[in-house]
Amino acid sequence: MISSVNAANFKKNSSLLQCLENNNDHDDLISQLPDDILISIISHLPAKNAVQTSLLAKRWRNLHRFSPLYTIELGCSYLFKHALVNARPASISKRRIGRLFEQNPHNSACTIYSLDSFLRLLHSNSSYKIHSFRLICCLDKSVTSRFEQCISSLGRLDVEKLFLDFRCSPRTVYTISDLSFSCHLFSKMPSLKCFELSRCCLQPCSGSQFNNNNSLQTIVLMNVIVYPGAVECILSECLRLHSLTIATCVGPLKLRFCGPHLELKYLYISSCAGAEEIELHASNLLVFEFCGDRMINLIFDHVPQLQSVYLSAYSKNIVPDVFGRLALDLPHLKSLNFSTSEIWRCNIKDMKINMYNNVRRLYINMQDLSKIDLRLLTSILQHCPLLQEFHLNVKFNGSRREAGMKQEVCEVVFHSELKKVEIGAFEGTEYEIELALYILKSAINLEKMHITKSYRHYQIFYNGCNCSWHVARSDPWSEETEAMIRSKLQGQAVSKTAQVIIQHNPTDFQDSN
């Protein structure tokens, strides 16, 4: 399938094309327009229809060649049809092509032959550059050589965004192809800015193949087997790389993101099986996010610009890690977000908590807890003296939500910088009320406190640019529970400017139903 950036207007554009075809010489007012206006009109057509305008008249023959920035999407089905009509060798009949497709509609040999033919057709019949190219088809290692030739062809088309996914069959969508993408292919695409690779293998390049790519800024690896040395090769070859996402991949034991001149600013790692350690020596890194079933060894060797960290490990209590060595390794950190579901069974007085002297935003997400005394969190707040925003979600599991360890309430310490507080998944338990009261009485310059039944939680998606907050829905409070919460919290703030907002959904949540 081929579509333009404005393919949503297909019906409108198709009507325009029909109008152009039906006009005769006497009523052809459109052809009297200047070339730049005609090219602008053509640029809003799907690529296939834009090329068809070359048949209208001699003047229209080459106008489509100047239409900028097309998007092309190809799959096995389209490539089969292309092979049937345009790409089959003279020695192979259409009937035989049809039989091959019936036997295996995702045949690698047929697919790569058709893809190569399609790219050669683009080279011969048009001079416009391709803005975005998306290929979702089934290829395996038997076509590696011809696949690399196709990548070189895409490079000559000045492709800026490339999306490759090598499993489109419903039977193989959850498997990984044995086709390998070699890092040296990045140098074949000098205009590439964004690259997404899915369901194949990523191989490092050899020394003889090494060459630099100065345009690539974003790489996303999804369901990829990352061989040892491949990450180092990416960082060495892609000198302008700003964002790297590795999600649901199989990686080596140690992932190293190191280099004296790295421009890498955003690093997202989610569910990377096999990895036991991550080492970071990146002087320009601003954001680091890690999500997994368990915590792995993180070595922050040299990250002087790092401002935001997100950590999620649902099978381990990561609180001692977060407020232990991490606080010492990252003294300049400004935003900290962590999630855990392990029951916190330690006494706050027995756990060493280091100071976060620069943290301004703190997000804590605790899921599926059966016992916890939220008053434990007051000590954490006291170790963030410059904290301005505090967001907390505690989702209890089970009916006895007030069961927990008894512990003395920490002495009230005034928090002069704390201005915004949000507590989600609020059930109105004894410990939740006491924590909210502690904040209301200690945040002397508090501006807003949001108490909500639903809660916002952060998720890492396969594309780093789409990491975002989402709202988890829940049943509303009963009228009695909501009235009890209001009676205990409203009017308790020491700050004269504080607003206590008690409602079902977070303030910025809009119901889509």
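## Cavities

A search of the whole structure, a predicted model, finds 3 cavities of 30 Å³ or more (a cavity being a set of points on a 1 Å grid over the protein atoms alone where a 1.4 Å probe fits but cannot get out). The second largest cavity has a volume of about 90 Å³, a volume being the space filled by probe spheres set on the points.

Its lining comprises 14 residues, each with an atom within 4 Å of a point; Tyr363, Ile364, Asn393, Arg456 and Trp469 are the closest to the centre. At least two lining residues come from each of the strands β15 (335-340), β16 (361-369), β17 (389-396) and β20 (455-459). By class, the lining has 6 nonpolar, 6 polar and 2 charged residues.

## Helix pair

Helix α12 (residues 430-442) and helix α13 (residues 479-489) have axes that come within 10 Å and cross at roughly 30°. The two helices are therefore roughly parallel to each other (angles under 35 degrees), and their crossing is right-handed.

Contact (heavy atoms within 4.5 Å) involves Ile433, Ala436, Leu437 and Leu440 of α12, together with Met484, Lys488 and Leu489 of α13. These comprise 6 nonpolar, no polar and 1 charged residues.

## Basis

Local features need pLDDT of at least 70, side-chain atom pairs count only at pLDDT 80 or more, and totals for chains, interfaces and linings use all residues. Residues are numbered from 1 along each chain as its sequence is written, and side-chain values use heavy atoms, with hydrogens and water left out.

Technical notes
On a 1 Å grid over the protein atoms alone, a cavity is a set of points where a 1.4 Å probe fits but cannot get out, and a pocket is an open set with protein on both sides within 12 Å along at least five of seven lines; lining residues have an atom within 4 Å of a point. Helices (H or I, at least four residues) and strands (E, at least two) are DSSP runs, numbered from the N terminus. Ala, Val, Leu, Ile, Met, Phe, Trp, Tyr, Cys and Pro count as nonpolar, Asp, Glu, Lys and Arg as charged, and the others, Gly among them, as polar. Axes are lines fitted to C-alpha atoms, for helices over the stretch in contact, and angles run from 0 to 180 degrees between N-to-C directions. Angles under 35 degrees count as roughly parallel, over 145 as roughly antiparallel, 65 to 115 as roughly perpendicular and the rest as oblique. A crossing is left-handed if the near helix is turned anticlockwise from the far one by less than a right angle, and right-handed if clockwise.
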